[in-house]
Structure formats: structure tokens, C-alpha cells
Amino acid sequence: QVQLVESGGGLVQPGGSLRLSCVASGFTSDYYAVAWFRQAPGKEREGVSCISFTDGTTNYGDSVKGRFTISRDGAKNTVYLQMNGLKREDTATYYCAAAPTPIATLNPRRFPSWGQGTQVTVSS
């Protein structure tokens with residue numbers, strides 16, 4: 001079973017920045033992708049970003065393009081989400097998820113493994 005642990009959430013003012021981290025363990029697949037999703041109260045779960053550990057390709061949701069950047073570390077076990085220019089509408093619980101696929105997909109149905117989430121609140 002893949003284990004995912006998110007961290008880095010918190011309270012930030014509009015226009016500010018946060019960096020989320022997702023530490024993953026237990027991978028046995030020859031290929032996998034790690035993604036960030038978010039869900040705000042009363043809203044559907046939304047795909048934020050995904051990175052393929054097979055070829056490094058990335059994918060971003062339209063609402064975060066140009067503001068968020070996903071990356072992976074040299075040990076290939078940690079994924080980061082650098083969030084800049086944060087807006088109030090970015091407030092949500094952010095979840096890390098892993099899928100046994102080489103594709104940087106934002107389809108939540110492809111992800112069998114999920115972390116517990118980290119809260120991001122953008123407010124003045």
C-alpha cells in the first residue's frame with residue numbers, strides 16, 4: 001500500500017505563497033504519477049496538478065496555470081507544490097494522490113492512494 005503524507009498548509013494572505021510537500025512511500029509499480037487535488041466546502045473535488053515520475057511531464061488545472069508549479073525531488077519520493085499569487089478562491093483542503101500510471105492525469109478515478117490532506121486558507 002502506498003503511503004502519502006502531506007504538509008505545508010496554513011494561513012496566508014492574498015497574493016502570498018505556500019509550498020506543499022507530499023512524501024510518498026511503498027511504491028512497487030514500474031511507473032507512477034503523483035497529483036494534487038483540492039476540495040473546498042460545498043464544491044466538487046478539483047484537479048490541481050500532476051507530475052509523472054516516468055518522464056517528468058506535468059499537468060495543471062486551468063485555475064492554477066501560471067501560479068502553481070509542481071516538482072519532484074532527487075530521491076523520487078517527494079512532490080512539491082509551489083503556490084504563488086494565492087487567491088481567496090484557492091482556500092481548500094489539498095490532497096496528495098498517487099496512481100500506477102505514467103500519465104500525468106488529473107482524473108481522480110485513476111488514483112487509488114490518497115493522503116489525509118492539508119488545509120490551505122487564503123485570507124486577510
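**Strand pairing, aromatic pairs and a loop glycine**

Strand β1 (residues 3–7) and strand β3 run antiparallel and are joined by five bridges, where strands are DSSP runs (E, at least two residues) numbered from the N terminus and two strands pair if DSSP finds at least two bridges between them. The model is a predicted one, in which local features need pLDDT of at least 70 and side-chain atom pairs count only at pLDDT 80 or more, whereas totals for chains, interfaces and linings use all residues. Residues are numbered from 1 along each chain as its sequence is written, and side-chain values use heavy atoms, with hydrogens and water left out.

Strand β3 is also joined to strand β8 (residues 78–83), by six bridges and again in an antiparallel arrangement. Within these pairings, S21 of β3 has S7 opposite, and S21 likewise stands opposite Y80 in β8. In a regular strand, side chains alternate between the two faces of the sheet.

The structure holds five aromatic pairs, a pair being counted when the ring centres of Phe, Tyr or Trp (its six-membered ring) lie within 6.5 Å, and being called stacked with planes under 30 degrees apart, edge-to-face over 60 and tilted for the rest. F37 and W114 form a tilted pair, with 4.9 Å from centre to centre and 45 degrees between the planes. This pair links distant parts of the chain, since F37 belongs to strand β4 (residues 33–39) and W114 to strand β10 (residues 113–114), 77 residues apart. F37 is buried, with a relative accessible area of 0%, whereas W114 is partly exposed at 26% relative accessibility; here buried means under 20%, exposed over 50% and partly exposed in between (1.4 Å probe, protein chains only). W114 also pairs with F111, and because the ring centres are 6.4 Å apart and the planes stand at 65 degrees, this pair is edge-to-face. F111 is buried, at 5% relative accessibility. Elsewhere, ring pairs link F27, Y32 and F53 into a cluster.

The charged end of R45 sits over the ring of W114, 4.4 Å from its centre, and R45 also lies over the face of Y95, at 5.2 Å from the ring centre; the criterion is that NZ of Lys or CZ of Arg is within 6 Å of the ring centre and within 35 degrees of the ring normal.

G15 is placed in the loop between β2 (10–12) and β3 (18–25) and is exposed, at 54% relative accessibility. Leaving aside neighbours within four places in sequence, G15 is in contact with G85 and L86, contact meaning heavy atoms within 4.5 Å.

Notes. Helix = DSSP H or I, 4+ residues; strand = E, 2+ residues; numbered from the N terminus.
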